[in-house]
Amino acid sequence: MTAPAYGVLRRVSATASVLLENNPSTMTLEGTNTWVLRGGDAAGAVVVDPGYHDLDHLEKLAGVGPVELILLTHHHPDHAEGAPWFASKTGAPVRAFDPSLCIDAPPFADGDVIAAGGLDFTVLHTPGHTDDSVSLLVAGQILTGDTILGRGTTVLHDLGDYLRSLRTLIALPAGTPGLPGHGPELPDLPATAREYLAHREQRLDQVRSALRQLGEDATPRQVVEIVYADVDRALWAPAEASVRAQLDYLRASSEDGQ
């Protein structure tokens with residue numbers, strides 16, 4: 001799929017448009033998707049994940065019109081770093097799961113419904129990539145931040161949390177479109193979440209096999225060298241973080257007698 005042009009607001013649905021930040025990398029894919037949502041005749045928009053403190057991107061984002069509210073899917077700088085500057089520029093408050101990210105507004109919690117921009121946003125706490133990761137269900141579509149990407153898989157902090165988050169997303173109505181923090185939008189987010197779950201279970205089996213070969217005290221790096229042998233070595237560092245989460249999960253399960 002051809003990436004949209006940087007700095008050009010692209011309409012994705014009747015209520016959602018995306019402004020792609022020019023920060024491509026192996027971790028951010030084409031760049032950070034900043035989502036702009038507005039329902040009906042609402043005067044102000046809701047902006048989700050303003051991105052880095054990138055004034056070229058943020059100035060273009062401010063040009064979309066009045067902004068009523070800024071929402072953050074999690075604390076990573078490629079999503080949240082520019083929020084204070086953008087809040088100052090637009091006068092819009094910032095809300096997030098993490099209270100330290102909020103500006104002139106309270107944090108939100110799992111299950112909260114936020115009315116803004118002529119729309120209702122339902123907060124789903126979907127930790128695993130980070131402890132404060134959320135997905136936002138709005139107008140029959142869901143913004144997933146880094147919990148589910150437009151392609152590839154995300155880096156994990158806690159595998160147990162992540163598996164539970166995937167099951168939460170699988171339970172959404174079939175055909176719910178996904179609006180990710182990086183990469184192209186997804187036509188059926190629950191189906192993608194189901195594929196992610198199968199992938200994680202396959203990776204766990206591969207890690208178990210590597211441990212049988214290396215011994216139960218193997219380091220994440222040793223496991224990466226076996227399980228990710230066919231993956232570009234530029235991705236081994238983030239893979240190591242995910243393997244660490246997998247090892248923590250397997251060792252905790254073993255201690256619990258599971």
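This briefing describes the sheet, helices, cores and selected residues of one protein model.

The model is predicted: local features require a pLDDT of at least 70, side-chain atom pairs count only at pLDDT 80 or more, and totals for chains, interfaces and linings use all residues. Residues are numbered from 1 along each chain as its sequence is written, and side-chain values use heavy atoms, with hydrogens and water left out. The UniProt annotation "domain: Metallo-beta-lactamase", from an unreviewed entry, covers residues 31-182; UniProt positions are given in the numbering used here, feature names are shortened, and annotations may be inferred rather than shown by experiment. Over residues 31-182 the chain is 21% helix and 26% strand, and the end C-alpha atoms lie 6 Å apart. Helices (H or I, at least four residues) and strands (E, at least two) are DSSP runs, numbered from the N terminus.

- Six strands form an open sheet in the order 1-2-3-4-5-6, with mixed pairing; two strands pair if DSSP finds at least two bridges between them.
- Strand 1 (10-11) and strand 6 (94-95) are the edge strands, each pairing on one side only.
- Strand 4 (residues 45-48) and strand 5 (residues 67-71) run parallel and are joined by 4 bridges, with A45 standing opposite V67 in strand 5.
- Helix 1 (residues 55-62) packs on the sheet and touches strand 2 (16-20), strand 3 (33-37) and strand 4, where contact means heavy atoms within 4.5 Å.
- The direction of helix 1 makes about 155° with that of strand 2; axes are lines fitted to C-alpha atoms, for helices over the stretch in contact, and angles run from 0 to 180 degrees between N-to-C directions.
- Helix 3 (residues 83-90) also packs on the sheet, touching strand 4, strand 5 and strand 6, and its direction makes about 170° with that of strand 5.

**Helix 3 and its buried side**

- A83, F86 and A87 of helix 3 are buried; buried means under 20% relative accessible area, exposed over 50%, and partly exposed in between, with a 1.4 Å probe and protein chains only.
- These residues cover an arc of only 100° around the axis, which puts them on the same side of helix 3; the arc is that of the directions from the helix axis to the C-beta atoms.
- An α-helix has 3.6 residues a turn, so residues three or four places apart point the same way.
- The buried residues of helix 3 pack against strand 4, helix 1, strand 5, helix 2 (77-80) and strand 6.
- G91 follows helix 3 and has a positive phi, near 80°.

- Strand 9 (residues 134-138) is mostly covered, with 4 of its 5 residues buried.
- Strand 8 (residues 119-125) pairs with strand 9 in the antiparallel sense over 5 bridges, and V123 stands opposite L136 in strand 9.
- Strand 9 and strand 10 (residues 141-145) run antiparallel and are joined by 3 bridges, with V138 opposite Q141 in strand 10.
- Strand 9 and strand 10 form a hairpin with 2 residues between them, and A139 in the turn has a positive phi of about 50°.

**Nonpolar cores**

- The largest nonpolar core has 32 residues, and those with the most contacts inside it are I148, L166, L169, V207, L211, V223 and Y228; such a core is a set of buried Ala, Val, Leu, Ile, Met, Phe, Trp, Tyr and Cys residues joined through side-chain atoms within 4.5 Å.
- Helix 4 (159-170), helix 5 (189-214), helix 6 (220-227) and helix 7 (236-255) are the elements that give two or more residues to this core.
- Helix 5 provides the largest share of this core, 8 residues.
- A second, separate core of 19 residues includes L69, A116, L136 and L179.
- Leaving aside neighbours within four places in sequence, L211 is in contact with E216, A218, V223, L247, L250 and R251.

**Individual residues**

- Most residues other than glycine have a negative phi.
- L29 is not a glycine, yet has a positive phi of about 55°; L29 is placed in the loop between strand 2 and strand 3 and counts as buried at 15% relative accessibility.
- D49, likewise not a glycine, has a positive phi of about 65°; D49 is placed in the loop between strand 4 and helix 1 and is buried, with a relative accessible area of 2%.
- V18 lies in strand 2 and counts as buried at 2% relative accessibility.
- V18 and V36 are 18 residues apart in sequence and 6.0 Å apart in space, C-alpha to C-alpha.
- Not counting residues up to four places away in sequence, V18 touches V8, L9, R10, V12, N33, T34 and W35.
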